[in-house]
Amino acid sequence: MASRANVASRSNVASRSNVASRSNVASRSNVRRAQHNTGIFANLWHDLTSSGLYLASLLCLLLFLATVVMTALYLWELNRSASMNAAIKVVMDFVISRDPSLRNESEYEIFSGAQRLAEELALETLKIIEVESAIDVITILLKKHWVPFEGALYLFSTVASNWTTAKKICEAKKSTLACIESTLEEVFVTRQIANHPKDFWIGHNFNITWNCVDGTVTKVFYWSVATVTDYYKDKCTIVLSRCLTAPNCWTNVDCSIDYFTICERKPDKKWHI
């Protein structure tokens, strides 16, 4: 009996020892797990803290750059405003110098004056262009033997033709058969054609009354009395190249006879402003 009791006692002790041992093992395992979990949270907190500092640093840098950019833009705007104000002042001073009556007027009135000046300048520029164009045209015509007189140009063509053809020749040259309107013009023409072998057509013709080719009524006449013939038969006019009664050197002749031609190109708005 005693022997069985000892065996049971030993068995209980061993069992308790095993339980205690298992309990210790489990306790150590729990401690290790707790320490492991604590390490994970610590690392996570460290990572979060590091990321926050990084983001904060990045935001600070961006804010700094934005501040620099805004400051630069502000300074640029100030400079631009200063330049613009200086330009505006120059314009206003110029306008006032051109029109002193605007000196005490508002900016609106001054700039309205500037607009008027700009429009006047544009018109003057167009006039200059027209004058330059006219000079070019006249220069070319002078090289082609046109002769200037009293603001008009005259071509003394030595191509013989009848009156109708002579009229077309002049029109092709953007001119008309010359129509004499003053004594000075008549003297000029007779001097230019003096001693030519043929007489010259001019633009006066008879159709109930004497008219010029442009339709205007002839107001002055320079007939050579010794050579005037029947108006109803000889309806076209020539200037005699060998005239002894200058300035009265006209005579009327048959329109179908061939003579030289006097073309006249009068000034227009492209010649004189």
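Q: Glu264 has no salt bridge, so which side chain of opposite charge is nearest, and how far away is it?
A: This is a predicted model. In it, the nearest side chain of opposite charge to Glu264 is Lys266, 4.6 Å away. Glu264 is buried.

Q: What cut-off rules out a salt bridge there?
A: The nitrogen must come within 4 Å of a carboxyl oxygen.

Q: Which side chain makes a polar contact with Glu264?
A: That of Tyr154, at 3.2 Å.

Q: Where does Glu264 sit, and what does it touch?
A: Glu264 is in strand E8, residues 259-265. Its contacts beyond four places in sequence include Trp146, Leu153, Ser175, Cys179 and Glu185.

Q: Switching to H3. Which residues are buried?
A: Trp163, Ala166 and Cys170, in a helix that runs over residues 163-172. Viewed down the axis of H3, these buried residues fall within an arc of 60 degrees, so they line one face of the helix.

Q: What is on the other side of H3?
A: Lys168 and Ala172, which are exposed.

Q: And what covers the buried residues of H3?
A: The cover includes E2, strand E3 (176-177), E4, E6 and E8.

Q: How does H3 start?
A: A side-chain oxygen of Asn162 comes to within 3.2 Å of the backbone nitrogen of Thr164. After H3 comes Lys174, with a positive phi near 55 degrees.

Q: Now disulfides. How many?
A: The count is four. Counting bonded cysteines along the chain, the pattern is 1-8, 2-3, 4-7, 5-6.

Q: What is the partner of Cys170?
A: Cys263, with the sulfur atoms 2.0 Å apart. This pair joins helix H3 to strand E8 across 93 residues. Both Cys170 and Cys263 are buried.

Q: Is the link of Cys170 and Cys263 left-handed or right-handed?
A: Left-handed, with -85 degrees about the S-S bond.

Q: What about Cys179 and Cys212: how far apart are their sulfur atoms?
A: 1.4 Å in this model. The torsion about their S-S bond is about 85 degrees, so this disulfide is right-handed.

Notes: Residues numbered from 1 in each chain as written. Predicted model: local features only at pLDDT ≥ 70, side-chain atom pairs only at ≥ 80, totals over all residues. Heavy atoms only, no water. Helix = DSSP H or I, 4+ residues; strand = E, 2+ residues; numbered from the N terminus. Buried < 20%, exposed > 50% of the residue type's maximum accessible area, 1.4 Å probe, protein only. Lys, Arg positive; Asp, Glu negative; His and termini not counted. Polar contact = N/O pair within 3.5 Å; in protein donor to acceptor, adjacent residues only side chain to side chain. Contact = heavy atoms within 4.5 Å. Arc of directions from axis to C-beta. Disulfide = S-S within 2.5 Å.
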